[in-house]
Amino acid sequence: MLRLEEWGISLRLFEKVRSLPLRLKVWLYFVAFISFVLVLLWIFEIIFLENFYEGMKIDDVNKVAKTLVTSYGKVDSQEYSTLLSKSAADYDICIEIFDKYGRSIYSRDVTSDCMIHGRENRTFEYLQLITQSDKGEIYMKLVNPRNGYDMLLYGSYIGSPDDPQGFLL
């Protein structure tokens, strides 16, 4: 049987802990537990928080895109514009709807430096990528050149890929 001394653990430390008053022992165990929990939370935040946040934003964008694509042409333009504004504000996303010729029909800009409304937008390139994609949609993680922030870009057809009614970015 292995002894603690063989592992380099001194029994004097355990004997000192045993001889401490109960209040101090409880306090020390509590401090050790809280420290462990804080370290664990910090590790989870560093490792997992970005992935969780990105996954939630992708789900939000998918939900909004599906709603906007299915509502396009089924509701009047005023109601669609309201839906666009509400979706952009609620989910903190920029949205632009193009007709089948690439002309902007609806546009909602929530942030001042988004990739589709900013000075250096490349919406024409994104529309070409949508038409060239097999699924008729694109997902891209881009770095905004003006502020260095990561941005997610989603684009898709409105209607069928063979005869699109428009595009959503």
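Let's start where two helices touch: in helix H2, Lys57, Asp60, Lys63, Val64, Thr67, Leu68 and Ser71 meet Tyr80, Leu83, Leu84, Ser87 and Tyr91 of helix H3. A contact here means heavy atoms within 4.5 Å. Helices are DSSP runs of H or I with at least four residues, strands are runs of E with at least two, and both are numbered from the N terminus.

Before going on, a word on the model and the numbering. This is a predicted model, where local features need pLDDT of at least 70, side-chain atom pairs count only at pLDDT 80 or more, and totals for chains, interfaces and linings use all residues. Residues are numbered from 1 along each chain as its sequence is written, and side-chain values use heavy atoms, with hydrogens and water left out.

Back to our two helices. How do the axes of H2 and H3, residues 77-91, cross? They come within 11 Å and cross at roughly 180°. The axes are lines fitted to C-alpha atoms, for helices over the stretch in contact, and the angles run from 0 to 180 degrees between N-to-C directions. H2 and H3 are therefore roughly antiparallel to each other, a label given to angles over 145 degrees.

Now let's zoom out. The protein chain has 4 helices and 5 strands, and along the sequence they follow the pattern α-α-α-β-β-α-β-β-β. Of the contacts between residues at least 6 apart in sequence, 45% join residues at least 24 apart. The accessible surface comes to about 12,300 Å², and 60% of that belongs to carbon and sulfur atoms; the areas come from the Shrake-Rupley method with a 1.4 Å probe, and for residues, only the protein chains shown count as cover.

How many of the 169 residues are buried? The share is 27%, where buried means under 20% relative accessible area, exposed means over 50%, and partly exposed is in between.

Finally, charges. The structure holds 6 salt bridges, each being a side-chain nitrogen of Lys or Arg within 4 Å of a carboxyl oxygen of Asp or Glu. In one of them, the side chains of Lys141 and Glu50 meet at 3.8 Å, N to O. Lys141 lies in strand S3 and Glu50 in helix H2 (residues 22-71), so the pair ties together parts that are 91 residues apart in sequence. Lys141 is partly exposed, at 45% relative accessible area, and Glu50 is partly exposed too, at 49%.

Lys141 also forms a salt bridge with Glu54, at 2.9 Å, N to O. Glu125 and Arg122 form another salt bridge, with their closest N and O atoms 3.2 Å apart. Salt bridges that share partners join Glu50, Glu54, Lys141 and Asp150 into one network.

Technical notes
Buried means under 20% relative accessible area, exposed over 50%, partly exposed in between (1.4 Å probe, protein chains only). Angles under 35 degrees count as roughly parallel, over 145 as roughly antiparallel, 65 to 115 as roughly perpendicular and the rest as oblique.
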